[in-house]
Amino acid sequence: MGLSRVRAVFFDLDNTLIDTAGASRRGMLEVIKLLQSKYHYKEEAKIICDKVQVKLSKECFHPYNTCITDLRTSHWEEAIQETKGGAANRKLAEECYFLWKSTRLQHMTLAEDVKAMLTELRKEVRLLLLTNGDKQTQREKIEACACQSYFDAVVVGGEQREEKPAPSIFYYCCSLLGVQPGDCVMVGDTLETDIQGGLNAGLKATVWINKNGVVPLKSSPVPHYIVSSVLELPALLQSIDCKVSMSA
């Protein structure tokens with residue numbers, strides 16, 4: 001493939017390499033089944049899960065104040081109480097949370113074609129996994145999908161002073177691989193963190209994975225490239241190198 005110009009590629013994890021959203025939906029479906037079959041909830045089961053999903057989307061986690069298990073169990077406890085009324089039911093909340101979490105992790109897998117792509121790319125460039133989030137949660141995902149062996153380094157935002165889109169975490173990644181920002185490409189599905197971070201750090205290129213053809217806001221960061229699947233990346237990297245060679 002001859003990727004002499006791009007020296008390193010940074011990959012996001014969630015919804016870039018693994019289908020975190022899909023795995024989470026499967027977890028919610030299992031909780032709905034539990035609530036309906038064991039506790040005889042009806043439409044309330046889905047309402048509870050919808051409420052939890054909203055709480056997760058607005059989640060602000062501060063590791064020095066609480067642990068992620070307590071926080072997310074509280075999401076379930078609050079959603080159950082808001083829906084059913086009465087006293088808080090921490091035991092049921094824990095049962096729901098751990099079922100959702102375990103089901104979600106079971107379905108976080110690297111597809112075979114993604115594994116093959118990473119294996120081939122690593123013959124030409126250095127690969128680094130750069131994921132935001134709580135360190136416990138992200139490390140559990142990394143273990144569940146068994147992806148660490150495909151990368152030269154793994155960086156979890158929750159273990160660093162700053163997360164994406166702060167330039168500092170990108171510079172740290174560069175130092176781990178012994179490369180410069182201008183040697184690197186960032187690949188991810190989130191404009192506000194993956195793409196903005198790559199732009200902030202002055203990387204060679206940013207690649208936005210837009211699986212669903214989302215039309216971004218006019219105020220959103222503008223990626224250098226847009227693809228619908230991470231599997232399009234090898235051909236894109238070749239084209240980036242060709243452009244560099246032609247302009248040299």
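**View 1. Asparagine 15 sits in the loop between β1 (8–11) and α1 (20–37).** Helices (H or I, at least four residues) and strands (E, at least two) are DSSP runs, numbered from the N terminus. The model is predicted: local features need pLDDT of at least 70, side-chain atom pairs count only at pLDDT 80 or more, and totals for chains, interfaces and linings use all residues. Residues are numbered from 1 along each chain as its sequence is written, and side-chain values use heavy atoms, with hydrogens and water left out. Asparagine 15 is not a glycine, yet its phi is positive, about 65°. Most residues other than glycine have a negative phi. Asparagine 15 counts as partly exposed because its relative accessibility is 22%. Buried means under 20% relative accessible area, exposed over 50%, and partly exposed in between (1.4 Å probe, protein chains only).

**View 2. Histidine 40 lies in the loop between α1 and α2 (43–57).** Here too a residue other than glycine has a positive phi, near 60°. Histidine 40 has a relative accessible area of 63%, so it is exposed.

**View 3. Helix α1 has buried residues covered by other helices.** The 18 residues of α1 should span 26 Å at 1.5 Å a residue. The expected span is 1.5 Å times one less than the number of residues. The end C-alpha atoms of α1 are 26 Å apart, which agrees. Buried residues of α1 include Thr20, Gly22, Met28, Val31 and Leu35. Among the elements that cover the buried residues of α1 are α2, α3 (68–84), α4 (90–106) and α6 (135–145). Contact means heavy atoms within 4.5 Å.

**View 4. Helices α2 and α3 cross at roughly 135°.** Their axes come within 9 Å. Axes are lines fitted to C-alpha atoms, for helices over the stretch in contact, and angles run from 0 to 180 degrees between N-to-C directions. The two helices α2 and α3 are therefore oblique to each other. Angles under 35 degrees count as roughly parallel, over 145 as roughly antiparallel, 65 to 115 as roughly perpendicular and the rest as oblique. On the α2 side, the contact includes Ile47, Ile48 and Val52; on the α3 side, it includes Trp76, Ala79 and Ile80.

**View 5. A cis peptide bond joins lysine 164 and proline 165.** Its omega is about 15°. Most peptide bonds are trans. Proline 165 is in the loop between β3 (153–156) and α7 (167–177).
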